Amino acid sequence: MKIEKYYIKKACGFIFFLYLYMVFTIETALYLIIYITILIYRNMCDIKSVSLILDDGTVFRGKSFGYERAAAGEVVFNTAMMGYPESLTDPSYSGQILVITFPMVGNYGVPPRSFNSDNLSTFYESEKIHVEGVIISDYSFEYSHWNATRSLGDWLKEEKIPGIFGIDTRALTKRLREQGSMKGKIIFEHENEIDFIDPNLENLVAKVSCKEVITYNEGKSKKVVLVDCGVKHNIIRCLLKRDVTVIRVPWDYDFNTLDYDGLFISNGPGNPDMCDATVRNIRKAMTADKPIFGICMGNQLLSKAGGASTYKLKYGHRSHNQPVRMVGSDRCFITSQNHGFAVDNRTLSDEWEPLFINMNDNTNEGIRHKTRPWFSAQFHPEAASGPTDTEFLFDEFVNML
């Protein structure tokens with residue numbers, strides 16, 4: 001019996017009770033109340049209990065609304081109020097259990113799985129869900145949206161992703177803010193069902209990158225090589241919208257053998273130290289004077305290619321409302337972000353300088369070379385989801401070609 005029936009019967013039972021109370025005797029109504037209560041209890045038993053265990057021993061107990069399997073990863077939180085279809089399909093979340101802090105999730109369902117003429121997802125950011133699990137407070141079993149074709153719970157079950165509701169996400173988020181992002185595991189039976197996993201010790205970029213060269217919009221006058229470290233589809237859409245040919249290559253592909261006008265380095269999951277092959281290829285590209293633009297992981301890899309170092313943030317930046325300031329000006333922007341590592345500004349050489357600074361914690365949000373056409377942003381100018389205030393950075397890049 002589906003979980004939704006529990007809520008439907010609960011409401012119908014209450015209305016039916018009121019009707020019977022007015023029409024029949026109190027005794028008859030009491031018998032019916034007992035019967036309805038038994039039905040509700042049986043349906044509640046169909047909602048399986050599940051636990052989230054953090055590596056410090058803290059346990060949060062809730063109910064399952066997704067696929068029933070154990071999972072492990074790094075537990076992180078996102079404070080965005082909407083955009084769960086885009087977030088769950090963002091490859092940068094690979095290896096992570098995502099806590100959504102907004103209290104109600106699922107009320108607008110999920111859109112259809114469709115692709116455009118370039119074989120890019122129409123409404124998602126990749127071909128599949130990349131998170132290891134989803135943690136929320138209140139799940140809406142009923143959804144309503146003009147573009148919805150199924151519920152969030154049904155989608156998770158189709159893609160075999162566990163989901164937990166009934167968790168005090170405020171308490172969980174507070175713990176993550178105080179202790180930092182932690183390893184966690186979702187279990188259904190016993191605590192040894194699965195081991196803790198630290199995804200930052202894996203090469204997650206190799207896991208999510210494309211496996212072969214893919215060309216989009218072939219035949220245009222300008223060609224952009226896109227190094228796929230886990231690219232979101234809206235990045236490709238933003239480039240194609242500016243009428244360029246996009247040559248998408250795997251993370252470790254030596255693109256310097258190709259004919260191109262500009263280099264784009266995409267977002268991606270995990271630890272940038274795992275991408276030495278990409279950094280070496282970027283350094284080769286720096287021997288030429290072609291424009292380079294990096295986003296998120298691309299900002300970190302461009303920085304490493306320029307001689308800087310990166311470090312892990314305590315709990316990362318994952319939201320739609322991160323304020324950044326363009327260095328040397330009073331221009332401020334509200335940005336969409338999803339990263340757990342940052343560039344150490346102190347390690348930038350004299351040839352480089354910060355381009356953007358986070359106004360909450362003063363961390364690096366982008367770099368630029370002082371004389372060459374090379375720059376990057378730690379945030380997501382393409383958004384999807386989130387504010388599109390900084391999409392103009394794509395125009396600046398294409399105008400350099």
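**Ground rules**

I'm working with a predicted model, where local features need pLDDT of at least 70, side-chain atom pairs count only at pLDDT 80 or more, and totals for chains, interfaces and linings use all residues. Residues are numbered from 1 along each chain as its sequence is written, and side-chain values use heavy atoms, with hydrogens and water left out.

**Entry 1**

Rolling a probe the size of a water molecule over the atoms shows where empty space is left. I looked up cavities (on a 1 Å grid over the protein atoms alone, sets of points where a 1.4 Å probe fits but cannot get out). I got 3 cavities of 30 Å³ or more. A volume here is the space filled by probe spheres set on the points, with grid points joined across faces, edges and corners.

The largest cavity comes to about 140 Å³. I counted 16 lining residues (those with an atom within 4 Å of a point). P269, G270, H339, G340 and F341 lie nearest its centre. Helix 9 (297-305), strand 15 (310-326) and strand 16 (332-343) each give two or more residues to this lining. I take helices (H or I, at least four residues) and strands (E, at least two) as DSSP runs, numbered from the N terminus. Strand 16 gives the most, with 4 residues.

I sorted the lining into 4 nonpolar, 9 polar and 3 charged residues. Nonpolar means Ala, Val, Leu, Ile, Met, Phe, Trp, Tyr, Cys and Pro; charged means Asp, Glu, Lys and Arg; the others, Gly among them, are polar.

**Entry 2: the second largest cavity**

This one has a volume of about 110 Å³. Its lining has 14 residues, with S87, D90, K232, S336 and N338 nearest the centre. Helix 3 (84-88), strand 15 and strand 16 each supply two or more of them. Strand 16 has the largest share, 3 residues.

**Entry 3: open spaces**

Next I looked up pockets (open sets of grid points with protein on both sides within 12 Å along at least five of seven lines). The largest pocket holds about 310 Å³ of space. I found 20 residues lining it, and E127, V208, C210, H233 and R248 are the closest to its centre. Helix 6 (204-208) and strand 10 (214-216) each give two or more residues. By class, I noted 7 nonpolar, 5 polar and 8 charged.

The second largest pocket is about 250 Å³. Among its 15 lining residues, R177, Y315, G316, H317 and Q322 are closest to the centre. Strand 15 has the largest share here, 8 residues.
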